[in-house]
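User: I would like to go through some of the labels used for this structure. For each one, please tell me what stands behind it.

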Amino acid sequence: MLPLPQMARHALVIGGTGMLSAATTELAKHFATATVVARSARSLEAIAKRIAAFTTCHVLKQDWSDRAGFLRSITEHLGQTGHPDFVLAWLHDEYLAVELVEVLRYSPMDLRFVNVLSSSAANPAGSASELRKKFSALPGVVYQQVILGFAVEAGGSRWLTHSEICDGVLEAINTGATFTIVGSVHPWNRRP
């Protein structure tokens with residue numbers, strides 16, 4: 001449906017320096033510019049060294065627990081670098097993604113937004129379907145939701161490895177699936 005183009009304009013990756021660092025590195029190969037946002041200067045420095053060979057890299061140290069400061073910082077930064085046409089966001093505050101896309105969607109182009117969520121979004125009282133409804137109402141936004149589950153094994157269950165997470169997120173991006181669960185979220189009572 002919406003595989004990554006050979007070379008797109010600008011990717012914004014939020015929370016992609018830890019467990020998603022391999023995915024961030026792979027994505028950088030497909031974009032002329034990449035802006036990576038994280039809370040740690042050290043992790044930003046490490047990812048910038050890895051992706052500088054593939055793209056023009058910008059890093060932005062910002063803590064998303066300060067919602068207003070985070071959104072203001074992103075807006076100011078993108079005012080200098082240009083708006084992204086692709087966003088990969090792993091935010092621990094699920095509804096901050098909605099606020100972020102409200103800021104970003106006023107660019108002159110459509111926005112592809114890949115929202116990575118924890119397994120808790122898929123629990124019986126989770127927010128996954130509510131978030132999909134909110135995003136589907138936004139014109140100019142192609143929304144993909146990726147929920148990180150767990151692995152059920154013979155002796156029990158475990159959280160996914162970084163490699164399994166990155167592979168699953170990249171597969172979801174390449175297939176263009178609007179909703180993907182990496183691993184499993186059922187049965188919920190088997191969650192580690």
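User: Why is Cys57 called partly exposed?

Analyst: Cys57 has 22% relative accessibility. Buried means under 20% relative accessible area, exposed means over 50%, and partly exposed lies in between, with a 1.4 Å probe and protein chains only. The value of 22% therefore makes Cys57 partly exposed. This is a predicted model, in which local features need pLDDT of at least 70 and side-chain atom pairs count only at pLDDT 80 or more, while totals for chains, interfaces and linings use all residues. Residues are numbered from 1 along each chain as its sequence is written, and side-chain values use heavy atoms, with hydrogens and water left out.

User: Is Cys166 counted as buried or exposed?

Analyst: Cys166 counts as buried, because its relative accessibility is 3%.

User: What makes S1 a mostly covered strand?

Analyst: Strands (E, at least two residues) and helices (H or I, at least four) are DSSP runs, numbered from the N terminus. Of the seven residues of S1, six are buried. Ala11 has its place in this strand, and it counts as buried because its relative accessibility is 1%.

User: Which residues is Ala11 in contact with, leaving aside its neighbours within four places in sequence?

Analyst: Contact means heavy atoms within 4.5 Å. On that basis Ala11 is in contact with Phe31, Thr33, Ala34, Thr35, Pro84 and Phe86. Phe86 is also the bridge partner of Ala11 in S4.

User: How do you know that S1 pairs with S2 and with S4?

Analyst: Two strands pair if DSSP finds at least two bridges between them. S1 and S2 run parallel and are joined by six bridges, with Val13 standing opposite Val36 in S2. S1 and S4 also run parallel, joined by four bridges. Both counts meet the cut-off, so both are pairs.

User: Why is the crossover from S1 to S2 called right-handed?

Analyst: A crossover is right-handed if, with the strands pointing away from the viewer, the path from the first strand over the helix to the second runs clockwise. Here the chain goes from S1 through helix H1 (residues 21–28) to S2, and this β-α-β crossover is right-handed.

User: What is the strand order of the open sheet, and why do S3 and S9 stand at its edges?

Analyst: The seven strands come in the order S3-S2-S1-S4-S5-S6-S9, with parallel pairing. Strand S3 (56–61) and strand S9 (179–182) each have a single partner strand, so one side of each is left without a neighbour in the sheet. For S3, the pairing with strand S2 (residues 31–38) is parallel and has six bridges. One of the links is between Val37 and its bridge partner in S3, Leu60.

User: Which strands does helix H4 touch when it packs on the sheet?

Analyst: Helix H4 (residues 96–104) touches strand S1 (8–14), strand S4 (86–90), strand S5 (111–117) and strand S6 (141–148). The direction of H4 makes about 170° with that of S5. Axes are lines fitted to C-alpha atoms, for helices over the stretch in contact, and angles run from 0 to 180 degrees between N-to-C directions. The buried residues of H4 are Leu96, Ala97, Val98, Leu100, Val101 and Leu104.
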